[in-house]
Amino acid sequence: MSAEFDVAVIGLGAMGSAAVSFAAARGAKAIGIEAHFPAHALSSSHGDSRLIRLGYFEDPSYVPLLKRAYHNWRSLEARLRAEILTVTGVLQIGASDSKIVSGTRASCDMHGLPHEILDRDAMKRRFPAFALEEGEIGLLDPQGGYVRPEAAIMGYLKLAAEDGAVLHFGERVVSIDPDETGVTVVSTTGRYRARKVIVATGAWIAELVPQLKAHAQPIRQVVAWYQPKDGFVAEPQRMPCFLRDEGDEGSYFGFPAIGVDGVKIGRHAHFREPIDPTLPNPPVNDTDTDLLDGFARKRLPDAASFRVRATTCRYTMLPSEDFLIDTVPGQPNVVMSSACSGHGFKFTSVVGEILADLALEGGSRLPTALFSFERHFGRQSA
Ligand SMILES: Cc1cc2nc3c(=O)[nH]c(=O)nc-3n(C[C@H](O)[C@H](O)[C@H](O)COP(=O)(O)OP(=O)(O)OC[C@H]3O[C@@H](n4cnc5c(N)ncnc54)[C@H](O)[C@@H]3O)c2cc1C
């Protein structure tokens with residue numbers, strides 16, 4: 001059967017919406033298929049805001065990709081004439097030898113990135129939202145801020161459609177059958193033939209890429225929004241986005257009041273509670289809110305005074321907590337993106353480019369070795 005499409009993108013969440021947009025912008029005949037509706041709240045890419053920062057404590061080798069991600073976010077904004085990425089600074093708080101503070105410092109030093117170190121008194125004066133322990137310091141990444149996930153996804157889908165991509169919503173892909181000349185994609189309502197397929201199905205990745213069953217673990221995540229105490233200003237001009245290293249208690253992230261619901265807080269990976277992606281997330285419970293309310297009371301007493309809402313989301317974790325973005329071993333026509341281990345959104349704008357490179361050019365000039373099957377699982381297996 002001859003190919004109807006150059007590329008079929010399955011899953012139009014963060015990575016898939018960007019991938020189909022990059023592919024269509026290059027003139028490829030592209031189709032995108034999404035099980036739900038655009039920017040829905042059932043997977044990993046909802047909730048108003050995602051942190052972006054340049055000095056990357058996780059691994060300095062992400063920094064060149066982050067620079068490209070910033071560039072691509074600005075290009076998206078220029079085409080849309082809308083703001084997607086807002087710079088507020090990201091304050092990273094903890095003991096000076098904590099993973100977040102020392103890792104960010106190492107990353108900034110290695111790449112010559114601007115940053116400021118603030119002691120407890122300086123932080124108190126400049127950012128009164130944060131209650132600090134003796135001996136804690138803050139590292140301010142002045143280029144950090146947040147990206148709007150729903151607006152980014154809607155924006156990429158809009159551009160993809162403008163550039164001629166075919167987009168189907170409410171249609172679940174049930175199988176992909178790769179062969180030597182392409183891939184047959186079967187959905188709940190159709191059957192398509194494409195030269196290449198990009199699987200970007202987030203928490204559901206193992207359904208279509210079974211090699212990942214033993215490795216990609218979806219977990220439940222919870223975030224909550226809080227109103228400040230009367231009169232306290234928790235808007236970005238007085239309060240940056242933040243990450244806070246709590247040692248054995250893990251790390252917390254948060255955002256100033258950027259919408260009516262106020263300050264948003266979450267603990268990275270929450271309780272690391274595995275979930276079955278085919279079932280709805282278990283709803284928010286008292287244990288979830290006790291954890292987040294406790295953090296708010298202790299660390300943001302004026303900025304996050306009472307909770308107004310909470311919601312669930314999902315991370316898809318790999319054991320290394322890095323990303324996996326590659327052609328599937330033994331299946332040269334199948335490209336995949338997952339799992340972004342709870343820190344992938346900021347990279348959406350560059351991951352979309354990489355996925356389009358892999359599908360349309362057979363490789364990428366961007367530094368992707370960190371994300372390969374080989375690095376994660378060795379040469380032979382996934
Ligand atoms: C609460 C929370 C906070 C986070 N904070 C940050 C942060 O501050 N900074 C950061 O960089 N990252 C953050 N992340 C991580 C980031 O949001 C994720 O890495 C990213 O959104 C994952 O995007 P994705 O495209 O892989 O998955 P998704 O956006 O979930 O997209 C997958 C899509 O595939 C569709 N799909 C699944 N199966 C099928 C099928 N068979 N057929 C068709 N469609 C299908 C789904 O419906 C979904 O739309 C956070 C995540 C959460 C949950």
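Colleague: Which residues are buried in helix 8?

Modeller: Thr-348, Ser-349, Val-350, Val-351, Gly-352, Glu-353, Ile-354, Leu-355, Ala-356, Asp-357, Leu-358 and Ala-359. That is twelve of the 14 residues, so helix 8 is mostly covered. Buried means under 20% relative accessible area, exposed over 50%, and partly exposed in between, with a 1.4 Å probe and protein chains only. Helices (H or I, at least four residues) and strands (E, at least two) are DSSP runs numbered from the N terminus.

Colleague: And what kind of model is this, before I get carried away?

Modeller: A predicted one: local features need pLDDT of at least 70 and side-chain atom pairs count only at pLDDT 80 or more, while totals for chains, interfaces and linings use all residues. Residues are numbered from 1 along each chain as its sequence is written, and side-chain values use heavy atoms, with hydrogens and water left out.

Colleague: Back to helix 8, what span should it have?

Modeller: Its 14 residues, 348-361, should span 20 Å at 1.5 Å a residue, and the end C-alpha atoms are 19 Å apart, which agrees. The expected span is 1.5 Å times one less than the number of residues. Gly-362 follows helix 8 with a positive phi, near 80°.

Colleague: What about helix 2, how far does it reach?

Modeller: Helix 2 (residues 63-80) reaches 26 Å from first C-alpha to last over 18 residues, close to the 26 Å expected. Its buried residues include Leu-65, Tyr-70, Trp-73 and Glu-77. Just after helix 2, Arg-81 takes a positive phi of about 55°.

Colleague: Which other residue has a positive phi although it is not a glycine?

Modeller: Ala-269 is one, at about 70°, in the loop between strand 16 (263-267) and strand 17 (273-274). Ala-269 has a relative accessible area of 0%, so it is buried. Ala-39 also has a positive phi, about 55°, and belongs to the loop between strand 2 (30-33) and strand 3. At 18% relative accessibility, Ala-39 counts as buried. For context, most residues other than glycine have a negative phi.

Colleague: Switching topic: how many residues surround the ligand?

Modeller: 33, with Glu-34, Ser-45, Leu-51, Cys-313 and Lys-346 the closest. To be near, a residue needs a heavy atom within 4 Å.

Colleague: Which backbone atoms lie 2.9 Å from an oxygen atom of the ligand?

Modeller: A backbone N or O atom of Met-15 does. For Ser-44 the corresponding distance to a ligand oxygen is 3.0 Å, and for Gly-344 it is 3.3 Å. The protein covers 97% of the 1,000 Å² of accessible area the ligand has on its own (Shrake-Rupley method, 1.4 Å probe).

Colleague: Which elements give two or more residues to that shell?

Modeller: Helix 1 (14-25), strand 3 (50-52), strand 13 (217-227) and strand 18 (306-317). Strand 18 gives the largest share, three residues.

Colleague: Anything to see in strand 13, say where Tyr-226 lies?

Modeller: Tyr-226 lies in strand 13 and, at 2% relative accessibility, counts as buried. The side chains of Tyr-226 and Asp-293 are joined by a polar contact of 2.6 Å (a pair of N or O atoms within 3.5 Å; within protein, one must be able to donate a hydrogen and the other to accept it, and sequence neighbours count only if both atoms are side-chain atoms).
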